Amino acid sequence: MPIEVILPKVDMDMSSGTIADWHKSEGETVEEGEALFDIETDKATMEVESPGTGTLHFVTAKQGDEVPIGQAVAWIFADGEEVVAPAGATPPQATSAPEQKPDEVAPAVQTEAQPTLTNGTNGTRTTPLARRVAKKLGIDLSAVSGSGPRGRITRADVEAAPKQADVASPAAQVINVGGKTGAEKTAQELGLSYSTVPVNKMRSVIASRLTESKSTVPHFYLNADVELDALMTMRAQMNSALEGSGAKKISVNDLLIKACAAALKAVPEANASWDGDTIVKYDDAHISVAVSIDGGLVTPVVRSAQSKDIQTISAEIADLAERAKSGKLSSKEYQGGSFSLSNLGMFGVKSFNAIINPPESMILAVGQGTKQFVPDEQGNPKLATVMSVSLSCDHRVVDGALGAVWLKKFKELVENPAAMMLN
Amino acid sequence: MNAPVNTADLETVEMSYSEAIKDAMDIALGSDERVILMGEDIGVYGGAFQVTGDLVHKYGEERVMDTPISELGGAGVAVGAALTGLRPIFEFQFSDFATLAMEQIVNQAAKVRYMLGGEVSVPVVMRFPAGSGTGAAAQHSQSLEAWLAHVPGLKVIQPSTPHDVKGMLLQALEDPDPVMIFEHKLLYKTKGMVPQGYYTVPIGKAEVRREGTDVTIVATSIMVHKSLAAAEELQKAGISAEVIDLRTIRPIDPETVLASVEKTSRLVCVYEGVKTLGIGAEISAMVAESHAFDFLDAPILRLGGSDNPIPYNPELEKASVPQVDGIVASVADLVKGKI
Amino acid sequence: MAKHKTKNEPFALTKYSPDQLKEALRKMHLIRKFEEGAEDSYTRGLIHGTMHLSIGQECSAVGSCMPLADDDQITSTHRGHGHCVAKGAEVARMFAEFFGKETGYCKGRGGSMHIADVEKGNLGANGIVAGGIPIAVGAALTSKRLNTGKVVLCFFGDGANNEGAFHESLNMASVWKLPVVFVCENNKYGMSTSIERSTAVENISDRAAGYSMPGVTVDGNDFNAITEAIDTAVERARAGEGPSLVESLTYRWRGHSKSDRNRYRTKDEISDWMSKDPIVRFTSFLVEHSVLTEDEAQAIEADVEAEIAAGIEFAKTSPDPLITDVSRDVYTEALS
């Protein structure tokens with residue numbers, strides 16, 4: 001019996017993956033454990049190893065194909081085994097990532113919410129009764145997902161649909177991710193010169209998550225200025241102590257992470273997530289650190305940062321960032337954060353308001369530290385390095401006062417960094 | 001023609017399916033001199049399935065006629081007699097032997113009226129003991145009602161209860177056209193309440209035996225009983241099945257079936273005849289062609305006999321036709337959206 | 001009125017009046033000219049399908065029906081035009097049926113092979129060989145059961161005598177002693193297969209013994225012979241003594257149907273039989289016995305010609321059935 005090579009589930013909430021690259025091709029020999037192909041997931045590219053040794057045949061999925069998890073994409077035949085097509089060795093419907101065929105996707109999410117379009121739109125199956133009910137209720141069938149065999153839409157599916165539509169506010173329809181804004185159409189009409197880039201998995205995930213966040217989480221923002229001088233002095237002391245040891249230098253960002261963690265430990269009510277009918281209060285501070293990567297953004301998590309020393313944090317951050325950039329993070333490493341830190345200071349940004357990473361309830365946006373004149377205790381101007389921070393809060397979990405308390409604590413820790421050393 | 005009778009006014013008595021048939025024939029022989037019975041061994045032997053019983057003692061050999069083993073000739077004699085003023089009831093010993101008489105049934109009985117421009121009628125009744133389950137094997141166990149129902153000019157009925165078989169046989173004797181009655185052998189001993197005296201049950205009208213909301217099961221003959229048993233089981237699983245006893249195969253009652261499908265949005269046909277090209281195919285197509293199509297929320301399912309002659313071995317024999325377990329499983333799958 | 005029978009006087013003369021005999025001649029002419037008229041219409045494309053002509057068998061048909069009362073019944077075969085006329089049908093309505101018209105005996109639904117005239121006791125021609133035999137027995141059963149006194153004459157050909165239905169029917173008719181007369185018009189060929197090659201007995205009437213009934217073979221083209229044999233059988237039936245088998249030897253001039261190329265018989269055989277035209281023979285007989293004159297005979301023929309012409313005209317001008325009536329009369333009451 002040939003060994004089936006399936007598209008494995010490598011991520012939580014993953015229902016399908018796109019084949020990013022094949023390392024082996026039809027007829028090549030493969031060894032168990034050898035890299036066979038790469039899957040592109042929400043956040044990263046995952047390498048899939050060969051489940052067996054032999055020759056690769058009936059490769060049914062090609063680069064760019066989106067394949068449901070568990071579906072076979074190839075078979076490995078042992079030496080001497082008769083090479084016959086196993087059941088299911090037909091290429092799946094070559095559904096490339098939907099975004100690559102924008103025309104096909106477009107009618108599906110027209111904002112006018114037309115009732116039943118032409119037949120089961122885009123080849124979906126719909127029972128006659130479902131069509132009838134959809135027409136009666138004014139439901140767009142293309143927005144309904146079918147629970148029947150082969151994705152068939154039944155009456156029950158149509159009747160369940162309005163519940164989701166009810167929840168979404170009218171504004172939500174306009175923000176519908178993936179929807180055409182008409183930019184290309186206008187450009188074409190006006191004869192503007194342009195080029196297009198297909199929306200890939202990561203971009204699409206960013207788009208949908210942040211759109212969802214921005215439109216469903218009640219954000220409010222607290223701003224503060226923080227003097228960095230004391231922190232920078234401590235940093236210099238640390239780095240000079242490390243000199244000659246070959247260890248990585250501590251960065252300001254590392255210290256800010258530590259400060260965030262410590263502040264969360266001191267104000268635990270703010271270390272929580274909204275979960276519908278529950279609020280999840282984390283025991284530890286898991287700091288998601290925004291890392292800019294090619295074409296996007298990833299937020300690897302420093303787990304339980306409040307109990308880690310600064311060196312550990314520093315090394316971890318460096319490692320996470322590097323692997324994030326090369327797409328080698330595992331899903332566990334970018335999920336399960338309780339707080340986010342985003343620093344655009346190195347780009348010269350004075351201040352900004354970040355969008356919360358759901359299900360976290362706060363994100364601290366840090367700008368560039370610049371030299372400014374501030375009044376001292378006597379009211380005389382003194383030169384200080386001032387950094388503007390903005391704390392975005394999810395009002396469902398963090399009220400104004402709570403957010404303010406946390407921000408005050410954070411500022412205290414940064415301006416009196418020795419306190420960060422305490423547990 | 002007898003006046004319609006309100007059965008609510010009649011006393012009922014419990015009797016078996018075969019006793020009910022005999023009762024009908026007794027009433028007919030006693031009230032209409034044109035009625036005669038013809039068949040093999042229906043006289044002193046009482047009929048292969050003991051349906052005619054002692055009728056010969058009551059009415060004599062000229063009214064209860066034993067024929068030689070001549071299905072073709074005998075059926076033809078019945079046709080000729082019906083054509084010229086008698087009301088014969090011809091009993092085939094097994095429905096399988098209809099094959100020997102197909103010429104007279106299909107080319108003559110069904111067509112004489114039409115070929116003669118409506119100048120004559122052929123009011124012949126033919127009775128066929130049918131179906132499997134007695135270990136009689138391939139040539140004595142068939143369900144050929146679909147063959148005859150395919151022929152315009154014939155009427156084909158499959159009563160499933162003692163009440164219905166008596167009433168429909170009496171109705172058949174009122175009918176000026178050829179009526180073919182398929183009686184499942186395993187029903188002969190089943191009992192039910194039957195009104196005493198004369199009454200009729202309409203030909204061409206189906207009956208809802210059990211009301212339900214999740215799925216319509218259209219069944220015939222013994223499959224009505226299996227479907228009702230299945231419906232009980234299904235109810236325990238929270239599935240509400242409506243069971244329709246089709247009763248007449250030609251003409252099928254479209255109104256009852258379509259109204260039910262519109263209500264439940266799902267249809268399962270259960271019949272003993274071979275599934276392929278059987279009556280379930282006709283019912284399915286009839287529904288799919290009709291306005292009820294727009295109310296279907298699932299594919300239409302047929303449960304029928306398998307594509308093999310009825311085997312001798314009892315387990316194989318049972319496996320060749322739908323059984324309660326199979327009906328339950330298939331209907332459940334359909335309602336749960338697995339099909 | 002019947003004359004006193006003198007020794008050796010021909011049967012027909014003793015049994016039938018001159019008017020009856022002239023009527024018999026007229027019917028023979030009617031059949032002959034009907035067949036010829038139908039044939040002509042067919043070749044002109046006015047008749048659909050095919051036809052099985054009985055030219056040459058007129059005497060057998062007319063002679064067999066002579067002994068029957070008006071309400072006695074017959075069943076007929078695919079070669080049944082002659083029987084139909086012999087039993088008293090109007091040629092106009094027969095032509096109309098062949099032309100597929102609504103005014104035909106079967107309203108255009110039956111055509112040649114299913115021609116019937118129920119009012120005159122003709123229960124219908126049958127497209128199935130031996131299809132009408134059990135039906136005839138059934139009709140005889142009705143007669144006995146309801147005591148109507150009717151006798152049923154069952155026509156069939158030599159080919160039918162090998163069908164299972166023939167054997168089953170003769171057996172049952174005999175067992176139940178039914179008032180039916182089985183008349184086998186043996187014209188030597190069942191379509192293309194001769195009697196010698198198909199039938200295990202020398203004479204079809206030999207089979208009667210196997211069913212315990214009288215059997216006789218006669219020259220069907222001899223009016224006296226056929227009427228006498230049938231008359232005996234009818235009287236036997238009417239007396240309640242049961243069925244008989246009469247084999248009527250005759251010959252058809254034309255092929256089995258319009259598609260027949262006559263490859264199975266010789267031209268000599270055909271012309272030999274044609275030279276023994278039964279109508280000529282009967283005419284001579286009547287003239288010889290002063291039942292009518294040559295002139296009268298010719299007048300009858302001319303009369304018949306006119307009737308045929310009028311019949312064809314009637315058929316041509318009759319209305320076609322309505323397409324919307326295609327399913328009418330499948331059942332006696334419209335299905336709800």
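Below, we go through the structure topic by topic.

User: Before we start, what kind of model is this?

Analyst: This is a predicted model.

User: OK, salt bridges. How many does the structure hold over all chains?

Analyst: Over all chains there are 51 salt bridges.

User: What does Lys22(B) pair with?

Analyst: Lys22(B) forms a salt bridge with Asp54(B), at 2.6 Å from N to O. Lys22(B) sits in helix α1 (residues 17-31) of chain B, and Asp54(B) in the loop between β2 (35-39) and α2 (55-59) of chain B, so the pair ties together parts 32 residues apart in sequence.

User: Are those two buried, partly exposed or exposed?

Analyst: Lys22(B) counts as partly exposed, at 23% relative accessibility. Asp54(B) is partly exposed too, with a relative accessible area of 42%.

User: And which residue does Asp26(B) bridge to?

Analyst: Lys58(B). The closest N and O atoms of that salt bridge are 2.8 Å apart. Asp26(B) is in helix α1 of chain B and Lys58(B) is in helix α2 of chain B, so this pair ties together parts that are 32 residues apart in sequence. Lys58(B) is exposed, with a relative accessible area of 54%.

User: Now chain C. What about Glu305(C) and Lys33(C)?

Analyst: Their side chains meet in a salt bridge, 3.6 Å from N to O. The pair links distant parts of the chain, 272 residues apart. Glu305(C) is in helix α13 (residues 294-317) of chain C, and Lys33(C) is in helix α2 (residues 18-43) of chain C.

User: Buried or exposed, for Lys33(C)?

Analyst: Buried, with a relative accessible area of 13%. Glu305(C) counts as partly exposed, at 42% relative accessibility.

User: Which residues are linked in a network of salt bridges?

Analyst: Arg113(B), Glu102(C), Arg109(C), Asp325(C), Arg328(C) and Asp329(C).

User: Switching to helix packing. At what angle do α3(B) and α6(C) pack?

Analyst: About 50 degrees, with their axes 6 Å apart. That makes α3(B) oblique to α6(C). α3(B) covers residues 71-83 of chain B, and α6(C) covers residues 132-146 of chain C.

User: Left-handed or right-handed crossing?

Analyst: The crossing is right-handed.

User: Which residues make the contact?

Analyst: On α3(B), they include Gly73(B), Gly76(B), Val77(B) and Gly80(B). On α6(C), they include Pro134(C), Ile135(C), Gly138(C) and Leu141(C).

User: Next, α9 of chain B. Which of its residues are buried?

Analyst: Helix α9(B) runs over residues 254-264. Its buried residues are Thr256(B), Val257(B), Leu258(B), Ser260(B), Val261(B) and Thr264(B).

User: What caps the N-terminal end of α9(B)?

Analyst: Asp253(B) does. One of its side-chain oxygens lies 3.2 Å from the backbone nitrogen of Glu255(B).

User: What comes just after α9(B)?

Analyst: Ser265(B), which takes a positive phi of about 70 degrees.

User: Last one, chain C overall. How many helices and strands?

Analyst: Chain C has 13 helices and 7 strands. Of its 336 residues, 57% are buried.

User: And how many of its contacts join residues at least 24 apart?

Analyst: 73%, among contacts in chain C between residues at least 6 apart in sequence.

Notes. Residues numbered from 1 in each chain as written. Chains lettered and ligands numbered in written order. Predicted model: local features only at pLDDT ≥ 70, side-chain atom pairs only at ≥ 80, totals over all residues. Heavy atoms only, no water. Buried < 20%, exposed > 50% of the residue type's maximum accessible area, 1.4 Å probe, protein only. Helix = DSSP H or I, 4+ residues; strand = E, 2+ residues; numbered from the N terminus. Polar contact = N/O pair within 3.5 Å; in protein donor to acceptor, adjacent residues only side chain to side chain. Salt bridge = Lys/Arg side-chain N within 4 Å of Asp/Glu carboxyl O. Axes fitted to C-alpha atoms, helices over the stretch in contact; angles between N-to-C directions. Parallel < 35°, antiparallel > 145°, perpendicular 65-115°, else oblique. Left-handed = near helix turned anticlockwise from the far one by under 90°. Contact = heavy atoms within 4.5 Å.
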